[in-house]
Amino acid sequence: MYRITHRAKDSRARTGVLTTAHGDVRTPAFVGVATQATIKAVEPDALVALGLQIVIANTYHLHLRPGEDAIAPLGGLHRFSGWDGPTMTDSGGFQVFSLGAGKEHGVGKVASIFPGAQPPSGRRSSDGGRSLVRLAEQGAEFRSIFDGSTHTFTPESVITIQRKLGADVILPLDECTSPLHDHAYTKQAMERTHRWARRAVAAFGVLDGDPSFPNPEQGLYGIVQGGAYRDLREESARVIGGMDFRGYAIGGSLGRSKEEMLHVLDWTVPLLPADRPRHLLGIGEIEDLFAAVHRGIDTFDCAAPTRLARNGSVFLKDAPRHRIHLRNARFARDDRPIDETCDCFTCRHHSRAYLRHLCRAGEFTFYRLATIHNLRFLVRLMSEIRAAIENGSLASVAAEWGVAD
Ligand SMILES: [Zn+2]
């Protein structure tokens with residue numbers, strides 16, 4: 001399923017090809033977030049045109065609406081959505097637990113992955129807060145964010161749901177702890193995640209080859225947990241890495257800061273099987289891409305680039321934080337494209353002034369045009385990163401982008 005094509009000499013960076021039943025993915029690659037089986041505002045043809053290689057849809061959301069039993073008879077996610085390329089599905093564990101942890105700790109993990117050093121004052125810092133999740137060894141019972149109805153995910157049911165959805169890469173149910181959970185709780189959760197991983201492998205094996213599912217050639221990745229605790233991350237990498245998964249995802253709380261996230265990668269990646277792909281869940285700021293590739297990550301997914309686009313922030317290499325905000329008045333008469341070096345549809349057809357107008361007017365067209373640019377920007381950046389790995393210039397390319405690798 002994964003073939004390494006080049007290894008950097010001075011870091012863990014590598015290039016490779018991930019082969020799926022719906023095409024190849026050249027890595028390192030950015031995975032577009034298609035939570036509801038669509039990249040928000042952009043149709044599949046445009047994604048193909050801009051060179052996006054792979055998307056990740058969300059089991060939690062699609063299970064609640066429209067339901068895997070609606071999608072499976074329509075040919076699975078690929079036929080249902082019209083995106084015929086490589087596809088992943090997240091297990092839904094992150095959503096189940098992040099919504100719970102958000103209640104419990106007063107931090108939205110989706111909105112703020114790194115909440116800072118301290119729990120917000122007046123909040124409880126460990127278990128016992130009012131949560132949307134009830135957890136047992138069997139699985140997690142949670143309430144729908146849509147209608148409050150009660151659902152249960154077990155390691156087995158999450159595999160069955162993803163078999164019906166039919167993505168090429170699927171993930172087992174894991175318990176995502178909050179960055180504010182202590183060592184004892186994080187350890188307990190990690191051990192449960194390991195037991196759930198074994199049950200997921202068993203369930204996956206039983207269902208493997210069942211012709212009633214839309215995609216017989218799925219690959220199951222394992223998920224390494226352990227919060228920002230070195231001993232736990234190492235233990236989790238050894239345990240999950242010792243199980244025969246097609247690839248390995250690094251998930252859960254990556255700490256309270258970006259430095260802690262980089263430590264997590266330094267502890268974890270060397271202990272995972274070197275010949276399998278490694279996915280970093282939920283990370284994708286430009287400086288993070290370089291740092292993670294440098295540490296041996298092959299694929300990433302992150303909702304930020306498309307969410308930023310919809311809010312009017314579009315990527316530009318030489319701008320502060322690599323982005324400009326199109327609402328800014330200084331663009332009112334700016335006839336230039338967002339990025340004069342960009343070959344995307346948006347930059348070939350529209351000026352900053354027009355895009356600013358669409359953005360301020362709240363026009364739907366704006367969401368599409370801005371998203372196309374941000375995705376194309378990342379596709380080109382990843383292509384540049386792959387070339388830099390192959391010719392040994394990753395460090396100098398990172399420096400040119402103004403990021404430490
Ligand atoms: Zn562009």
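**Figure 1. Charges over aromatic rings.** A charge sits over a ring if NZ of Lys or CZ of Arg is within 6 Å of the ring centre and within 35 degrees of the ring normal. In this predicted model, local features need pLDDT of at least 70 and side-chain atom pairs count only at pLDDT 80 or more, while totals for chains, interfaces and linings use all residues. Residue numbers start from 1 along each chain as its sequence is written, and side-chain values use heavy atoms, with hydrogens and water left out. Here the charged end of R65 is placed over the ring of F146, 4.1 Å from its centre. Look also at R368, which lies over the face of F345 at 5.9 Å from the ring centre.

Figure 2. Strands (E, at least two residues) and helices (H or I, at least four) are DSSP runs, numbered from the N terminus. Strand β2 (residues 14–20) pairs with strand β3 (residues 23–27) in the antiparallel sense, over 5 bridges; two strands count as paired if DSSP finds at least two bridges between them. The two strands make a hairpin, with 2 residues between them.

**Figure 3. Edge-to-face rings at F245 and Y248.** Rings of Phe, Tyr and Trp (its six-membered ring) pair if their centres lie within 6.5 Å; planes under 30 degrees apart are stacked, over 60 edge-to-face, and the rest tilted. This rule gives 7 aromatic pairs. The ring centres of F245 and Y248 are 6.0 Å apart and the planes stand at 90 degrees, so this pair is edge-to-face. F245 and Y248 are both buried, where buried means under 20% relative accessible area, exposed over 50%, and partly exposed in between (1.4 Å probe, protein chains only).

Figure 4. F377 and W401 form an edge-to-face pair, at 5.6 Å centre to centre with 80 degrees between the planes. This pair links distant parts of the chain: F377 belongs to helix α14 (residues 364–390) and W401 to the segment after α15 (394–400), 24 residues apart. F377 and W401 are both buried. Ring pairs join F290, F315, F377 and W401 into a cluster.

**Figure 5. The surroundings of V314.** V314 is part of strand β15 (residues 313–315). V314 counts as buried because its relative accessibility is 0%. Leaving aside residues up to four places away in sequence, V314 touches H322, R323, I324, L326, I338, A370, H373 and N374 (contact means heavy atoms within 4.5 Å). The C-alpha atoms of V314 and I372 are separated by 9.9 Å, with the two residues 58 apart along the chain.
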